[in-house]
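Good morning, and thank you for coming. I would like to take you through one structure today, beginning with a helix and then turning to the sheet.

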Amino acid sequence: MPVGLPEFVENPENRCPVILLLDTSGSMSGQPIQELNRGLAAFKEDVMKDAQASLSVEVAIVTFGPVKLTQDFVTIDHFTPPKLETEGVTPMGEAIEYALDLLETRKQTYKDNGVHYYRPWVFLITDGAPTDYWQGAAQRVREEEEQRRMLFFTVGVQGADMNKLRQIAPPERPPVTLNGLDFRSLFRWLSTSMKRVSSGKVGEAVALPPMGWGQIIT
């Protein structure tokens with residue numbers, strides 16, 4: 001029997017992977033990026049209150065403009081919320097493709113180490129519109145969703161091109177417009193959702209809490 005990676009030997013819990021796909025382009029500068037940073041800190045703090053979730057929930061952060069792996073997958077107990085800064089444009093298509101590739105690699109690592117995992121979440125937050133070719137990424141999102149290989153959430157901050165986001169988001173999960181800059185409520189919701197998922201069985205449907213932090217745009 002192969003010896004697993006130390007992280008899985010030390011912590012053999014089922015994993016609940018979530019990729020935060022965060023727009024850090026120039027238009028997010030000032031208060032938006034400050035509130036996003038506060039939201040990330042609140043996410044860590046809230047998940048840590050749940051012993052099971054702190055060992056099961058794994059977070060990775062991909063930021064875009066330019067596309068960058070800001071945080072590779074770590075369990076929440078090893079996660080230090082980064083201080084995000086803004087620069088560049090909005091290469092959303094490239095960022096989505098990068099995140100989906102990252103997820104495939106992580107899932108293979110779980111399989112290689114005999115670790116069970118819940119259906120992964122990808123959480124896209126943006127205040128703009130793609131500045132690159134995004135149609136291929138949108139197609140891939142829909143295919144992955146249809147095959148139940150992940151859950152893709154799309155959040156538009158004030159100024160986001162909701163028409164484009166509707167074309168990227170899977171039909172069964174339309175984009176949500178954030179109430180103002182209430183990232184903290186969004187991340188508390190995400191934390192509560194992760195706690196519910198990680199306390200259930202792999203493959204089991206979980207009722208998510210109501211989205212009090214935004215409006216669904218149909």
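Let us begin with helix α4, residues 92-112: at 1.5 Å a residue, its 21 residues should span 30 Å, and because its end C-alpha atoms are 30 Å apart, the two values agree. Please keep in mind that this is a predicted model.

Which residues of α4 are buried? They are Met92, Gly93, Ala95, Ile96, Ala99, Leu100, Leu102, Leu103, Arg106, Lys107, Thr109 and Tyr110. An α-helix has 3.6 residues a turn, so residues three or four places apart point the same way. After α4 comes Gly114, with a positive phi near 65°.

**How α4 meets α5**

Helix α4 packs against helix α5, residues 135-146, at an angle of about 35°, and the axes are 8 Å apart. The crossing of these two helices is left-handed. On the α4 side, the contact is made by Gly93, Ile96, Glu97, Leu100, Asp101, Glu104 and Lys107. The α5 side contributes Gly136, Ala137, Arg140, Val141 and Glu144. What classes of residue does this contact have? There are four nonpolar, two polar and six charged residues.

**The sheet**

I now turn to the strands. Seven of them form an open sheet with mixed pairing, in the order β3-β2-β1-β4-β5-β6-β7. The edge strands, each pairing on one side only, are β3 at residues 68-75 and β7 at residues 214-216. On average, and with direction ignored, neighbouring strands of the sheet are turned by 20° against each other. For those new to the topic, strands of a sheet pair through backbone hydrogen bonds, either parallel or antiparallel.

Let us follow the pairings one by one. Strands β2 and β3 run antiparallel and are joined by five bridges, with Ile61 opposite Gln71 in β3. Next, β1 and β2 pair in the parallel sense over eight bridges, and here Val18 stands opposite Val59 in β2. Strand β1, residues 16-23, also pairs in the parallel sense with β4, residues 121-126, over five bridges. In that pair, Ile19 has Val122 of β4 as its bridge partner. Finally, β4 and β5 are parallel too, with six bridges, and Ile125 stands opposite Val155 in β5.

In β2, eight of the eight residues are buried. One face of β2 carries Val57, Val59, Ile61 and Thr63, the other Glu58, Ala60, Val62 and Phe64, and all of these are buried.

Strand β5 has six of its six residues buried, so it is largely enclosed by the rest of the structure.

Take Thr154 of β5 as an example. Is it buried or exposed? Thr154 is buried, because its relative accessible area is 2%, and the cut-off for buried is under 20%. Leaving aside residues up to four places away in sequence, Thr154 touches Leu124, Leu165, Ala169, Pro175 and Val176.

Helix α7, residues 183-199, lies across β1, β2, β4, β5 and β6, and runs at about 175° to β4. Arg184 belongs to this helix. With a relative accessible area of 36%, Arg184 is partly exposed. Again leaving aside residues up to four places away in sequence, Arg184 touches Glu35, Arg38, Gly39 and Ala42. Its C-alpha atom is separated by 29 Å from that of Glu104, 80 residues apart along the chain.

Leu208 is found in the loop between α7 and β7. Why does Leu208 count as partly exposed? Its relative accessibility is 34%, and partly exposed covers the range between the buried limit of 20% and the exposed limit of 50%. Apart from residues up to four places away in sequence, Leu208 touches Trp121, Phe153, Trp189, Ser193 and Arg196. The C-alpha atoms of Leu208 and Leu190 are separated by 9.2 Å, and these residues are 18 residues apart along the chain.

Thank you for your attention.

Terms used. Residues are numbered from 1 along each chain as its sequence is written. This is a predicted model: local features need pLDDT of at least 70, side-chain atom pairs count only at pLDDT 80 or more; totals for chains, interfaces and linings use all residues. Side-chain values use heavy atoms; hydrogens and water are left out. Two strands pair if DSSP finds at least two bridges between them. Helices (H or I, at least four residues) and strands (E, at least two) are DSSP runs, numbered from the N terminus. Axes are lines fitted to C-alpha atoms, for helices over the stretch in contact, and angles run from 0 to 180 degrees between N-to-C directions. Contact means heavy atoms within 4.5 Å. The expected span of a helix is 1.5 Å times one less than its number of residues. Buried means under 20% relative accessible area, exposed over 50%, partly exposed in between (1.4 Å probe, protein chains only). A crossing is left-handed if the near helix is turned anticlockwise from the far one by less than a right angle, and right-handed if clockwise. Ala, Val, Leu, Ile, Met, Phe, Trp, Tyr, Cys and Pro count as nonpolar, Asp, Glu, Lys and Arg as charged, and the others, Gly among them, as polar.
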